[in-house]
Amino acid sequence: MDMQKLELFRDEIRLKTLKELHHLGFGHYGGSLSIVEVLAVLYGGVMKVDPQNPKWEERDYFILSKGHGGPGLYAALAAKGYFPEEVLYTLNQNGTKLPSHPDKNLTPGVDMTTGSLGQGISAAVGVALSHKLSGKDNYTYCIVGDGELNEGQCWEAFQFAAHHKLNRLFVFVDDNKKQLDGLTKDIIDPLDFAEKFSAFGFYAMKVDGGSLREIHEAIEQGKAQGDQPVAIILDTVKGQGVPYLEEKADNHHIRPSEADEAAILRAIAELEAKLGKAVEL
């Protein structure tokens, strides 16, 4: 995989995420930005997809179980060419194709409607099982949140996936250490996610969720193992890639103050300049 090209794709997704949320005036900045790197790796070359034919039956499937990260997914889809960038600026507006949480009946490239936490992973397991029963080679990729894993339904789905040896199912845990009401360790301490997934029958590993290379290598490693589903724990930061937002305590959902607004506009300008220079080169 061309890392330089992938870095530019990552920057484009991050820029589009910031711009669409800034245009809306509020939204889930923290958890959208913390999944930018994994989205860049998946849509930047790992997944077999065709933006001109979103319902292609041979495609790999992607399900964003933590549906509030929708703005990050929409930015990735726009960057990949599923729809024009201008559509991003209709986010969460009346009549939009981009609702607050992903809807497969509205948005090209969205494979499952999500938003009620805990349910997306169950759907992803069902998709992976259907492919296995049909003898298909499609991979199913799913992102879950660390706070989302408070839901018992998730762990029922993981047990089911391991029992049925769904080795073409990849689960990414966005371990950004925060959820709506505070730090995950203070609400329900998750302990060691990799150990828990291993105990549930997964091939599990933890990587730097800000490293494109580590994420890509983990996926390749997961594909080479045997008959277990794969869990990749992403060590991330809410608001990832924008230092001001990373350090902001209440960065799950933001209605920007004047200081927030100025920082967001600076981040947008920096990314635009960076991408502009890359194009000039």
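Biologist: How many disulfides does the structure hold?
Modeller: This is a predicted model, where local features need pLDDT of at least 70, side-chain atom pairs count only at pLDDT 80 or more, and totals for chains, interfaces and linings use all residues. Residues are numbered from 1 along each chain as its sequence is written, and side-chain values use heavy atoms, with hydrogens and water left out. A disulfide is a pair of cysteine sulfur atoms within 2.5 Å. The number of disulfides here is zero.

Biologist: Which cysteine sulfur is nearest to that of C142, and how far away is it?
Modeller: C142 is in no disulfide. Seen from C154, the closest cysteine sulfur is in C142, too far for a bond. For C142, the nearest is the sulfur of C154, at 8.6 Å.

Biologist: Is C154 buried or exposed?
Modeller: Buried means under 20% relative accessible area, exposed over 50%, partly exposed in between (1.4 Å probe, protein chains only). C154 has 0% relative accessibility, so C154 counts as buried.

Biologist: At roughly what angle do the axes of helix α1 and helix α9 cross?
Modeller: Helix α1 spans residues 3-24 and helix α9 residues 212-224. Helices are DSSP runs (H or I, at least four residues), numbered from the N terminus. Axes are lines fitted to C-alpha atoms over the stretch in contact, with angles from 0 to 180 degrees between N-to-C directions. These two come within 11 Å and cross at roughly 110°.

Biologist: Which residues of α9 make the contact with α1?
Modeller: Contact means heavy atoms within 4.5 Å. From α1 come M3, L6, E7 and R10. From α9 come L212, R213 and H216.
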